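Please read them with the structure open.

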Amino acid sequence: MTSNHFSVLFKGLGLIALSFSLGACNFLLFDPKGPIGQEQKELIIFSFWIMMLVVIPVMVMTVVFAIRYRASNLKSEYAPQWSHSNAIEAVVWSVPCFIIIILGFLTYKTSHSLDPRQAIISEDQTLRIHVVALDWKWLFIYPDQEVASVNEVALPINRPVEFLITSDSVMNSFFIPQLGSQIYAMAGMENQLHLVAAQEGVYRGLSANYSGFGFSGMKFKAHALSENKFANWIYRVKNAQEPLSEQRYLQLKEKTKDHPVEYFAQVNPLLFNTIIQKYTGLQNGQ
């Protein structure tokens, strides 16, 4: 074998080894724990296979053409004057058009069905959670329960949750991959995200938008609990020793890295609105 053959062989073995190593990775998007995440997974997989209608034939033809039209193959027809084929033109234009039509329809449909602001229809009462992105931590406020937590959020399974999201700093992106959509947190603005967890568990939450040197530690745990366990979690947070006063919030707003989990009781249910209005007043010149 020549050196070129060895090079191709080692590259092929490297790709095979890489595929096996990636097979052991934990792809959170492909392990959904809620109906929104499940629909998004199916959308990604379907879109992938639709696009493979182009990729797979091209890869196959690359190998076939390289073998059939190699310089040493004297049995193949030599046609230097060939320049057009109606059949090839039909395939080359019809397949991409078909893919564009299918993906366009799919995009239109899922833009509505998977709209993060669209409420989830359920017989159970929706739980409201206010989310505030800080440097570099997440503050979760439960306005109806008047409690709050930092870098930890709890939600009952099979019950819709409405996240109202903003930032008291630079722009961030709120994301719980196994439950569904990510959405931006921006100062002076309120974004909505509706999710529901179908299984009990602890799921990874993060910021998907770079926001400074502490960005890598801007993570949180989302606890999907039964109704009884969720009630116990709320009870434990209500018994927290420290209230979230205005002074304490200003301390919390200061920049920290890898901030620990904290619980607060006696939380002002209008704190979220106060944070947004602070930036709205600046925009209005007040």
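Where is Glu146 placed? The points below start there.

1. This is a predicted model. Glu146 sits in the loop between β2 and β3 (147–150). Its phi is near 55 degrees, a positive value in a residue other than glycine. Glu146 is partly exposed, with a relative accessible area of 40%.

2. Asp258 also calls for a look. Its phi is positive, about 55 degrees, although Asp258 is not a glycine. Asp258 lies in the loop between α5 (246–253) and β11 (262–264). Asp258 counts as exposed, because its relative accessibility is 51% and the cut-off for exposed is over 50%.

3. Check the bond from Asp135 to Trp136. That peptide bond is cis, with omega near -15 degrees. Trp136 is in the loop between β1 (127–134) and β2 (137–142). As background, most residues other than glycine have a negative phi, and most peptide bonds are trans.

4. The largest nonpolar core has 36 residues. Ile129, Phe140, Tyr142, Phe163 and Phe174 have the most contacts inside it. Elements that give two or more residues to this core include β1, β2, β5 (161–167), β10 (219–225) and α4 (227–238).

5. What does Tyr142 touch, not counting residues up to four places away in sequence? Its contacts include Leu127, Arg128 and Ile129. Val147, Ser149, Val153 and Ala154 are also among them.

Terms used. Residues are numbered from 1 along each chain as its sequence is written. This is a predicted model: local features need pLDDT of at least 70, side-chain atom pairs count only at pLDDT 80 or more; totals for chains, interfaces and linings use all residues. Side-chain values use heavy atoms; hydrogens and water are left out. Helices (H or I, at least four residues) and strands (E, at least two) are DSSP runs, numbered from the N terminus. Buried means under 20% relative accessible area, exposed over 50%, partly exposed in between (1.4 Å probe, protein chains only). A nonpolar core is a set of buried Ala, Val, Leu, Ile, Met, Phe, Trp, Tyr and Cys residues joined through side-chain atoms within 4.5 Å. Contact means heavy atoms within 4.5 Å.
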